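Here are my notes for someone opening this entry for the first time. Please read them with the structure in view.

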Amino acid sequence: MPVLRVALDLPLHRLFEYRAESASTADAGLRVRVPFGRGERIGVIVEVVEQGEWPDEQLKPATEILRDHDPLPHDFFALCEFASAYYQAPFGEVVLQALPVGLKRVAPPNRRAGRVKKAQMALAVPALTEEQASAINKIAVDGGFSAQLLYGVTGSGKTEVYLRLVEQALALGRQVLLLVPEINLTPQLEERVRGRFTERTVVSLHSELAEAARERNWRAAFSGEADIVLGTRLAIFTPMPRLGLIIVDEEHDASFKQQDGMRYSARDIAVVRARQLSIPVLLGSATPALETWANARDGGRYQLLTLKERANPEARLPTVRIVDTRKMVLREGVSETLVTAIRQRLERGEQSLVFLNRRGYAPVLACPACGWVSRCQRCAANLVLHLADRRLRCHHCGFENGIPKACPTCGNQDIHPFGRGTQRVETWLQSEFPEARILRVDRDSVKSRKQWEAVLEQIHGGAADILVGTQMLAKGHDFPKLTLVGALGADAALFAADWRAPERLFAQLMQVAGRAGRAELKGEVLIQTQYPDHPLFGALVAHDYTGFAATQLKEREQAGFPPYTFQAVLRAEAPAMADALAFLESAVRLPTIAEHEQVMLYDPVPMKMARLANLERAQLLAESYSRPALQAFLPHWREAIARIKSPSKLRWHIEVDPLEL
Ligand code: ADP
Ligand code: ZN
Ligand code: ZN
């Protein structure tokens, strides 16, 4: 009797077997409803075999094979297999996470099918600049696998390069997958894609779509009806029968990295998928991730395409100036230099942006009398003061409280906010410039796509004079009236323990600086710092990403950090730190480890955020100079770790290529 080998969404590294009398090998790739425990689950049939690993009589019959879509194709399973092996993630979890929720429901709600809508308004096609044309000429859309890095300064017209390549791929009858970091932040890109390809079917795939819409769009991609899929990281696994080109925009962005469940990098998976399918993949950024840059520089694994100039001949890169605050008196963290520059913009009817990557009013509330600070009860973190709605809020676990009238420890009524966030700067700017229209843009003021679109409209329509915002404002927007960017609080990242902090800071400041002077008005960027001679700022002034990258990579090579070494981290969390550490200690002492000489294990240590939502967290770093050696080690290690006896409340996972340690 035929046996189904089924992938289920369970943390187990094996398939499950069920009997199915009427099944045939053609059913591999279909979904199936199966009994499990006391209920039912939806799984995916990976194989149909005559004889399973278990005796037939021990197998339960499958309830129903679902035939509402074609079988998932071979290349889908191949990609899931790669991700499962590379990231040490159970195959079933990988397969099932790739499906929209609607396809995983045992009893799906009844609903109308809904239709994929087409765009109407066509947008004009600009003539290419020489640099754009030359970049495009170097990419053979029908030439099999190739990986390219499109390194183009902000405003250099990377999007136009994407659109031309999309056009070529569509003309060949292929589908295109365009990945973006956060779709809500890029409605302009979506409009441009829809407006360029009005005759084509464009669908989006991201986590904020309603369940029905997500399922509909996924089906359109999978059936081949959709020509272009515009999606966030989760879209990388979408089966697409005619896929011919993958583009990853802002490839350096950390949101391509999934931080829970299966911890994967959608950018890296994109390259693997392109190789598996023998199609080109294009990574684009003004500040490529250093891993990517190392691959592209010196004729490495990626071909490097460069756009040095802004596409609009009127637009110039902004002038970046360092404001040395050492001898200055600042008011609420703002220098007189910046105040004067903002005043000039107000007089000229231009816009300014004050960038501060910290939301809330102040990062902590404290009592000067006894030293009390507002700590989260559940995390090793402070509660952030939000004056706008009068709350103390943990940005890590979501815990919140009212603001106490007096110090909870000593009763002192004179408690103060320390440090500053966007709300505080906004309040101060409003008192300094009472006539100005100030718009704060952060995750507190903008929570939905609708709100974000409204904010963009306000900015474009000139309904705001001064913007105060976090990195939300740094991503890929054109604000033609914006001519001044002032950056506050940049120094915090300069000497952070995290050796990736300078890379992130540089990228952020480059991106936010790139918002100024996009049109014919000249832009100016003022960066306040106590360390005016720091080389990172020198590189920013010179718009010198390549110089910065070279220095950073040399430092990493000398220190033995990625991309010159390869890392995986084992994390454990438990109610007691001692349990988490003891577990990791056992993982270091496993007997099989001695066989892997090329892999080095460090001592277990508490994580930087040692407590999160009432769980103590610790980690252990595994490192090697050889990726194959690390990859060979990990499955053995994982299997041995799974056999360690641990307290029932202890959870652990392995993350490969972690971005944060
Ligand atoms: P990037 O993504 O590299 O930051 P964009 O693609 O947003 O740059 O382009 C920046 C600006 O230049 C946009 O306003 C765009 O319309 C314009 N642009 C792009 N290509 C051209 C071109 N070939 N000629 C004129 N303007 C262009
Ligand atoms: Zn006190
Ligand atoms: Zn918390």
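1. Begin with Glu 336, which lies in helix H9, residues 336-348. Please keep in mind that this is a predicted model. Glu 336 counts as partly exposed because its relative accessibility is 37%. Look next for Thr 325. Glu 336 and Thr 325 are eleven residues apart in sequence. Their C-alpha atoms are 9.8 Å apart in space.

2. **A covered strand.** Turn to strand S6, residues 146-152. How many of its seven residues are buried? Seven of the seven are, and the strand is mostly covered. Ser 146, Gln 148, Leu 150 and Gly 152 point one way from S6. Ala 147, Leu 149 and Tyr 151 point the other way. The residues on both sides are buried. In general, side chains in a regular strand alternate between the two faces of the sheet.

3. **The partners of S6.** Which way do S6 and S11 run relative to each other, parallel or antiparallel? They run parallel, and six bridges join S6 to S11, residues 280-285. One place to check is Tyr 151, whose bridge partner in S11 is Ser 285. S6 also pairs with strand S12, residues 303-307. That pairing is in the parallel sense too, over five bridges. Here Leu 149 stands opposite Leu 304 of S12.

4. **Ligand 1.** This ligand is surrounded by 17 residues. The closest are Ala 127, Gln 132, Gly 155, Lys 158 and Thr 159. A polar backbone atom of Ala 127 is 2.6 Å from a nitrogen atom of ligand 1. A backbone N or O atom of Ser 156 lies 3.3 Å from an oxygen atom of the ligand. In the side chain of Thr 159, an N or O atom is 2.9 Å from an oxygen atom of ligand 1. How much of the ligand does the protein bury? Ligand 1 taken alone exposes 560 Å², and the protein buries 76% of that.

5. **The zinc ion, ligand 2.** Four cysteines coordinate this ion through their SG atoms: Cys 367, Cys 370, Cys 407 and Cys 410. The distance is 2.3 Å. Why is the arrangement tetrahedral? The four donor atoms subtend angles of 102 to 115° around the zinc ion (ligand 2), which makes it so. Along the chain, the donors follow the spacing C-x2-C-x36-C-x2-C. Distant parts of the chain are linked here by Cys 370 and Cys 410, 40 residues apart. Cys 370 is in the loop between S15 and S16, and Cys 410 is in the loop between S18 and strand S19, residues 416-418. Cys 370 counts as partly exposed because its relative accessibility is 38%. Cys 410 counts as partly exposed as well, at 41%.

6. **The zinc ion, ligand 3.** Which residues coordinate this ion? Cys 376, Cys 379, Cys 394 and Cys 397 do, through SG atoms at 2.2 to 2.4 Å. The site is tetrahedral, with angles of 103 to 116° among its four donor atoms. The spacing of the donors is C-x2-C-x14-C-x2-C. Cys 379 and Cys 394 link distant parts of the chain, 15 residues apart. Cys 379 is in the loop between strand S15 (364-366) and strand S16 (384-386). Cys 394 is in the loop between strand S17 (391-393) and strand S18 (400-402). Cys 379 and Cys 394 are both buried.

7. **Arg 393.** This residue lies in strand S17. Is Arg 393 buried or exposed? It counts as buried because its relative accessibility is 15%, and the cut-off for buried is under 20%. Its side chain makes a polar contact with the side chain of Glu 400, at 2.9 Å.

8. **Backbone points to inspect.** Most residues other than glycine have a negative phi, and most peptide bonds are trans. Arg 390 has a positive phi near 50° and is not a glycine. It is found in the loop between S16 and S17. Arg 390 is exposed, with a relative accessible area of 52%. His 543 also has a positive phi, about 50°. It is found in the loop between helix H13 (535-541) and H14. His 543 is partly exposed, at 24%. Finally, the peptide bond from Pro 562 to Pro 563 is cis, with omega near 5°. Pro 563 is found in the loop between helix H14 (545-559) and strand S24 (566-574).

How values were computed: Residues are numbered from 1 along each chain as its sequence is written. Chains are lettered from A and ligands numbered from 1 in the order in which they are written. This is a predicted model: local features need pLDDT of at least 70, side-chain atom pairs count only at pLDDT 80 or more; totals for chains, interfaces and linings use all residues. Side-chain values use heavy atoms; hydrogens and water are left out. Buried means under 20% relative accessible area, exposed over 50%, partly exposed in between (1.4 Å probe, protein chains only). Helices (H or I, at least four residues) and strands (E, at least two) are DSSP runs, numbered from the N terminus. Two strands pair if DSSP finds at least two bridges between them. Donors are N, O and S atoms within 2.8 Å of the metal (3.2 Å for Na, K and Ca); water is not among the atoms, so sites may look incomplete. Four donors count as tetrahedral if all angles lie between 85 and 135 degrees; four count as square planar and six as octahedral if opposite donors are over 155 degrees apart and all others between 65 and 115; anything else is irregular. A residue is near a molecule or strand if one of its heavy atoms lies within 4 Å of it. A polar contact is a pair of N or O atoms within 3.5 Å; within protein, one must be able to donate a hydrogen and the other to accept it, and residues adjacent in sequence count only if both atoms are side-chain atoms. Accessible areas come from the Shrake-Rupley method with a 1.4 Å probe; for residues, only the protein chains shown count as cover.
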